[in-house]
Amino acid sequence: MYHQHTDEAPPTASGAATAPAAHRPFTIERGSFCIARCSCGWTGPARRSRDRARTDAEEHRSAP
C-alpha cells in the first residue's frame with residue numbers, strides 16, 4: 001500500500017486528452033520509500049529521501 005499526496009497526484013485522464021504530451025512528474029510513497037514517476041511512463045529509482053525523489057522528478061521534467 002502506498003500513500004499519495006494530493007499535490008503530487010498524477011494528472012487525470014480528462015486533462016491528458018486536451019493537453020500536449022508533456023512531462024508531468026509526480027511522486028508516490030511506498031512504505032519508507034518514495035518513487036518519482038512521470039505521465040510519459042518514466043520511473044525513477046526508489047529513494048528513502050523524499051527530497052531526492054522530488055529532485056529526480058524535476059531533473060526529468062527539465063530533460064529534453
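This short talk goes through the salt bridges of this structure and then turns to one residue, A46.

Before the details, please keep in mind that this is a predicted model, in which local features need pLDDT of at least 70 and side-chain atom pairs count only at pLDDT 80 or more, while totals for chains, interfaces and linings use all residues. Residues are numbered from 1 along each chain as its sequence is written, and side-chain values use heavy atoms, with hydrogens and water left out.

Let me begin with the charged pairs. Side chains of opposite charge can pair when their charged atoms come close. The structure holds five salt bridges, a salt bridge being a side-chain nitrogen of Lys or Arg within 4 Å of a carboxyl oxygen of Asp or Glu.

One of them joins R50 and E29, with 3.5 Å from N to O. R50 lies in helix α2, residues 50–62, and E29 in strand β2, residues 26–30, so this pair ties together parts that are 21 residues apart in sequence; helices (H or I, at least four residues) and strands (E, at least two) are DSSP runs, numbered from the N terminus. As for accessibility, R50 is partly exposed at a relative accessible area of 23%, whereas E29 counts as buried at 12%. Here buried means under 20% relative accessible area, exposed means over 50%, and partly exposed is in between, with a 1.4 Å probe and protein chains only.

Now, which residues does R52 pair with? One partner is D56, and that salt bridge has an N to O distance of 3.3 Å; both residues lie in helix α2, four residues apart, which is about one turn of the helix. D56 is buried, with a relative accessible area of 7%, while R52 is partly exposed at 32%. R52 also forms a salt bridge with E59, where the closest N and O atoms are 3.6 Å apart, and E59 is partly exposed, with a relative accessible area of 47%. Through shared partners, salt bridges join R47, R52, D56 and E59 into one network.

Finally, I would like to look at A46, whose place is in strand β4, residues 43–47. A46 is partly exposed, with a relative accessible area of 46%. What does A46 touch, once residues up to four places away in sequence are not counted? The residues are F33, C34 and I35, where contact means heavy atoms within 4.5 Å. A46 and I28, which are 18 residues apart in sequence, lie 9.5 Å apart in space, C-alpha to C-alpha.
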